[in-house]
Amino acid sequence: MTDPRDISRSPRVILLTGPSGSGKSRLSARSGLPVMRLDDFYKEAGDPTLPQLPHGMGVDWDSPASWDADAAVAAVCDLCATGRTTVPLYDIALSARVGKETLSLDGARLFIAEGIFAADIVARCRELGLLADAICLRGRPSTTFRRRLLRDLREGRKSASFLLRRGWRLLRAEGAIVARHRELGAYPCARDEAAERIGRLREAGPARSRT
């Protein structure tokens, strides 16, 4: 793999994180930029390294340990260095990778990599010189709870009982989740401010990252 630090004026990544249901995918789709779905880098069911919830309640899919950060960073590096990469396609309902696809920038100088664990690779992307910005979407926890539950039920991601338990747990933890993302280097803001930041980066180009 080509070292992106050897590529002058290579594309840069905007890492977009936030609690599940905060609107990351919708904002990414409206940005007009290429999008890498970081949630497709979840580990598969049966992986012995998957973290478990207490009292035998199943896998803790909200722990960063349920996600393959190394593979995600490698894909970001490839996309910045060559303008294209192969990414997995993950079915959350099956907890399994069901295929793969090629993601191409088609000449774009910025792209968004969005997912609930995006903040966990901020430091590595900054060290590699790939980071344009890191944003954490935040909003009203009750709104996030409702959005997340309706989406997950509609898509049949897990059983209704699992989704309700998870939803209440995340509702109580939302403040701590945002605080952790801030500590990892993501800037917390509401959707409109996030859209403005992305818009300014598109106008200015990817050469200089935010801190």
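This is a predicted model: local features need pLDDT of at least 70, side-chain atom pairs count only at pLDDT 80 or more; totals for chains, interfaces and linings use all residues.

Trainee: Which helix gives the most to the positive patch on the surface?

Mentor: The patch of positive charge gathers Arg26, Arg30, Arg140, Arg146, Arg147 and Arg154 on the surface. Two helices, α1 (24-31) and α4 (141-155), each supply at least two of its residues. With 3 residues, the helix that gives the most is α4.

Trainee: How far is the sulfur of Cys125 from the closest cysteine sulfur?

Mentor: A search of the whole structure finds 0 disulfides, and Cys77 accordingly is in no disulfide, with Cys125 holding the nearest cysteine sulfur. Both residues are buried, Cys77 at 4% relative accessibility and Cys125 at 0%. A disulfide requires the two sulfur atoms to lie within 2.5 Å, so the sulfur of Cys125 is too far from that of Cys77 for a bond, at 6.7 Å.

Trainee: Where is Ser95 found, and what is its phi?

Mentor: Most residues other than glycine have a negative phi, whereas Ser95 has a positive value. Ser95 is buried, with a relative accessible area of 7%, and is found in the loop between β3 (84-91) and β4 (96-104). Its phi is near 55 degrees.

Trainee: Is Asp106, which also has a positive phi, buried or exposed?

Mentor: Asp106 has a phi of about 50 degrees although it is not a glycine, and it is found in the loop between β4 and β5 (110-114). With a relative accessible area of 70%, Asp106 is exposed.

Trainee: How many residues apart in sequence are the parts that Asp62 and Arg166 tie together?

Mentor: The side chains of Asp62 and Arg166 meet in a salt bridge, with a distance of 2.7 Å from N to O. Asp62 lies in the loop between β2 (35-37) and α2 (69-82), while Arg166 lies in helix α5 (residues 160-183), so the pair ties together parts of the chain that are 104 residues apart.

Trainee: Which helices hold Asp70 and Arg124?

Mentor: The side chains of Asp70 and Arg124 meet in a salt bridge at 2.9 Å, N to O. The two residues are 54 apart, and the pair links distant parts of the chain. Asp70 counts as exposed at 52% relative accessibility, whereas Arg124 is partly exposed at 34%. Asp70 is in helix α2 and Arg124 in helix α3 (residues 122-127).

Trainee: Which residues do salt bridges that share partners join into one network?

Mentor: The structure has a count of 8 salt bridges, and one of them brings together the side chains of Arg37 and Asp40 at 3.0 Å, N to O. Arg37 is partly exposed, with a relative accessible area of 37%, whereas Asp40 is buried at 8%. Through shared partners, the residues joined into one network are Arg37, Asp40 and Glu101.

Conventions
Residues are numbered from 1 along each chain as its sequence is written. Side-chain values use heavy atoms; hydrogens and water are left out. Patches are made of residues with over 30% relative accessible area and no salt bridge: like charges are joined within 9 Å, nonpolar side chains (Val, Leu, Ile, Met, Phe, Trp, Tyr) within 5 Å. Accessible areas come from the Shrake-Rupley method with a 1.4 Å probe; for residues, only the protein chains shown count as cover. A salt bridge is a side-chain nitrogen of Lys or Arg within 4 Å of a carboxyl oxygen of Asp or Glu. Lys and Arg count as positive and Asp and Glu as negative; His and the chain ends are not counted. The place of a charge is taken as NZ of Lys, CZ of Arg, CG of Asp or CD of Glu. Helices (H or I, at least four residues) and strands (E, at least two) are DSSP runs, numbered from the N terminus. Buried means under 20% relative accessible area, exposed over 50%, partly exposed in between (1.4 Å probe, protein chains only).
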